[in-house]
Amino acid sequence: MPPNRPTLLSLALTAALLAAGCGGSDAPPKIAAASPAPAAAGNKASTRPEDNLPDARCPSKAGTALPGPDIVGLKLGMSFDEALNHARCAMDDGVIGFTPRWFQQLRTGSTVLRNQGFTIQRGDTAECVFKSLGDAQKCGLGRRVWEHVDELISVAAPGLDGHQTVVGIWRTQNWKPGAMPSRASVLQALRDKYGREGELTEQPSGTASWRYDTAGEPLSKASPQFTQCYGISARHNGSQAWREGCGLSISADLIPPRDNPQLVQTLYVGMAHQQQLIDYGDALQAELDRLDAARRQSEVDAASGSAPKL
């Protein structure tokens, strides 16, 4: 994808990423050749993805060897399988959905990309009942009706099949009346985890931002680069953008209830490394182009038809 151009992502519902975190790396991203992903054995077919997965291996320590900050233990640079297992351990009652595409501008050619990310969420839910069109419209993730989503984790892990790597992590927490934390306590928890924010806006709700350059140095609000590196949204279903020269970005949106701005009803947190997204996307596209060129050449080499008579 072209540098310096904000890139929109679809979140509708490989491979080593550069070392993620506050520090940078000059090593080029490596994209592994495609290979079949292992299938889960001994599971019956189901419309719920979690029913076709092997038991989660808990407790998960997948992120302990990786540098950089985390969101509920999930880190940039994890493999798809490590991240999914970790998220299932963190939310053992969660319902799962897989994302079929993440980098929207990729030219995939004849290569099929599978499971480019996942979402897992928990809350007050019931089975979908299809008695009317309205019932179908209420049906959401996991073919469930969601009356209240307590927690949602969305992970972007694009890449060739079997080699997907985590490049973005988002988490949403929603609290019901009577269980909402104070705004001050949420801000303090964020600062305890990520350090003092580079910027905190008060309107319309409240957004805290942590932004770094590619060398891992924190950017202050006074730096022109801070404004340029705004693109990572805290919301998993928001538009994301990344720019050349921008490093790790963390954003948090603190949404109060209508009647008390000193409480937090919803907390969104998102994380990605902008330069690594550019490098990773470019390397993935180069490997897809190579695979498609090799496929075309093999078809030419295997062609058995005789030349036409002219």
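The structure is a predicted model, in which local features need pLDDT of at least 70 and side-chain atom pairs count only at pLDDT 80 or more, while totals for chains, interfaces and linings use all residues. Residues are numbered from 1 along each chain as its sequence is written, and side-chain values use heavy atoms, with hydrogens and water left out.

- Q240 sits in the loop between α4 (224-228) and β8 (246-255), where helices (H or I, at least four residues) and strands (E, at least two) are DSSP runs numbered from the N terminus.
- With a relative accessible area of 1%, Q240 is buried, a term that stands for under 20% relative accessible area with a 1.4 Å probe and protein chains only.
- A polar atom of the Q240 side chain lies 2.7 Å from the backbone nitrogen of S233, and a polar atom of that side chain lies 3.1 Å from the backbone oxygen of R235.

**Helix α1**
- In α1 (residues 80-90), the buried residues are F80, A83, L84, N85, H86, A87 and R88.
- These buried residues of α1 pack against β1 (95-99), β2 (117-127) and β4 (144-156), with contact meaning heavy atoms within 4.5 Å.

**The second largest pocket**
- About 180 Å³ of space lies in the second largest pocket, a pocket being, on a 1 Å grid over the protein atoms alone, an open set of points where a 1.4 Å probe fits, with protein on both sides within 12 Å along at least five of seven lines, and lining residues having an atom within 4 Å of a point.
- α3 gives the largest share of this lining, five residues.

Note on methods:
Buried means under 20% relative accessible area, exposed over 50%, partly exposed in between (1.4 Å probe, protein chains only). A polar contact is a pair of N or O atoms within 3.5 Å; within protein, one must be able to donate a hydrogen and the other to accept it, and residues adjacent in sequence count only if both atoms are side-chain atoms. Grid points are joined across faces, edges and corners, and a volume is the space filled by probe spheres set on the points.
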